[in-house]
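Please consult the sequence and the structure shown below while reading.

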Amino acid sequence: MPAPTPFGSRLQLARKMAGLSYQGLADKLGGLVTKQALHKYEQGSMHPDSEKLIALANALDVTVNFFFRQDPVQVELENVEFRKQVKLPAKERDAILSRITDEMGRYLEAERLIGVSKKFVNPLPKDEVTHPEEAEELAELVRKRWKLGVDAIPSVYETLEQQAIKVMECHASSTFDGLNARVDDHMVIVMNDEKEVVRKRFTAAHELGHALLNIPEGLDHKTKEQICHRFAGAFLFPREQFMERVGPKRARFMLDELIEWKQRWGMSFKAIIRRSYDLGIINEATYKRALINYNVAGYSKGEPEDYRIPERTARFEQLVLSGLSQDILSLNQAADLLNMKMGVFRKKYSAVVGGPAGVVAPGGAGGRGPLAPGGTPAEPGTGRGARLWSSPTPTCSST
Ligand SMILES: [Zn+2]
């Protein structure tokens with residue numbers, strides 16, 4: 001059997017990103033290509049003509065360029081840890097991993113081309129963490145070392161991006177909350193883009209726990225999760241502030257209070273109730289009763305109110321745009337790195353593409369100031385940007 005060609009492996013990556021089997025893709029192509037032919041394309045024993053190539057790109061929602069892009073940066077995800085390992089179907093897990101691999105490849109390529117490489121540094125000591133209580137203090141230490149103060153964190157994504165953690169969002173079913181993975185020295189944290197803001201914040205903080213804490217591999221899954229939940233709670237709403245507002249003892253929660261804390265600290269009712277139990281503010285009986293009331297009120301299907309500041313990733317997009325504004329990247333390269341068709345790219349960034357010399361403001365990206373013109377490559381900030389990809393088919397986006 002011939003070895004897979006670069007085209008073959010790119011086709012396979014695109015197919016997996018779409019979560020399609022050979023048959024599924026053949027069906028989507030409406031009989032234009034058989035599943036046997038698809039198999040041969042991927043194996044490298046046959047090549048599609050241009051008509052089929054375009055049909056493949058459309059069916060898989062990638063550009064034709066995608067198939068011919070080399071993977072200049074080898075991406076292999078290590079230590080991948082999913083928040084919900086049990087319920088996530090293997091096919092969707094594969095699709096998510098493929099999309100992250102693709103996006104991470106483009107992200108690292110953009111950093112390489114633009115010459116930006118801020119390394120992720122773990123601020124915590126290497127001591128093993130085996131009990132949830134230890135995570136409480138370590139979360140406080142992270143806040144201290146990252147100079148986050150003791151107040152609510154306006155955007156968790158932005159905070160992580162400032163620490164050189166690659167933050168991505170992935171369109172996935174509700175069984176997927178998030179994951180963290182390593183690529184060489186890089187740390188990647190991925191969230192489901194469908195979740196409400198408080199959920200994304202908690203998942204991001206939970207995954208941060210996995211990324212930073214030295215939890216022994218042999219520890220049981222449940223304890224590992226409890227440790228990272230505790231870390232997330234303490235990271236989002238530190239103990240002292242929590243005790244001041246919620247504690248020290250209580251027998252019930254009023255809805256108005258829960259709403260106020262949720263909007264102020266960006267944490268769900270459920271996480272606040274759990275944190276009250278963890279910190280000894282409510283006893284086990286009150287905790288159980290609160291959970292029953294929570295379910296009876298229908299909150300497990302959706303809580304009222306959400307945190308008002310949206311969580312959006314911005315760094316990758318800004319990195320590419322800064323490369324474009326400094327003429328380090330061509331239009332084609334920029335569109336390709338963001339996995340956008342040229343027409344879509346031009347439309348979205350009309351001001352960048354067609355703006356007067358010296359004035360660079362991303363059109364349609366909403367409310368971002370000018371990017372640093374000229375000089376040394378700028379490390380892009382992490383302001384909030386509009387979503388780049390809003391395709392109905394599964395795509396992984398870093399917007
Ligand atoms: Zn976890």
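The buried residues of helix H1 pack against helix H2 (22-28), helix H3 (35-43), helix H4 (50-60), helix H5 (64-68) and helix H6 (90-114). The model is a predicted one, in which local features need pLDDT of at least 70 and side-chain atom pairs count only at pLDDT 80 or more, while totals for chains, interfaces and linings use all residues. Residues are numbered from 1 along each chain as its sequence is written.

**The protein as a whole**
- The protein contains 18 helices and five strands; helices (H or I, at least four residues) and strands (E, at least two) are DSSP runs, numbered from the N terminus.
- Of its 399 residues, 42% count as buried; a residue is buried if 20 or more other C-beta atoms lie within 10 Å of its own, exposed if 12 or fewer, and partly exposed in between, with C-beta atoms placed from the backbone.

**Helix H1**
- The buried residues of H1 are Gly-8, Arg-10, Leu-11, Leu-13, Ala-14, Arg-15, Lys-16 and Met-17.
- After H1 comes Gly-19, which has a positive phi, near 70°.

**Leu-148**
- Leu-148 lies in the loop between helix H7 (132-145) and helix H8 (156-162).
- Leu-148 is partly exposed, because 16 other C-beta atoms are within 10 Å.
- Leaving aside residues up to four places away in sequence, Leu-148 touches Arg-143, Ile-153 and Thr-159; two residues are in contact if their C-beta atoms, placed from the backbone, lie within 7 Å.
- Phe-235 is 87 residues from Leu-148 in sequence, and their C-alpha atoms are 9.8 Å apart in space.
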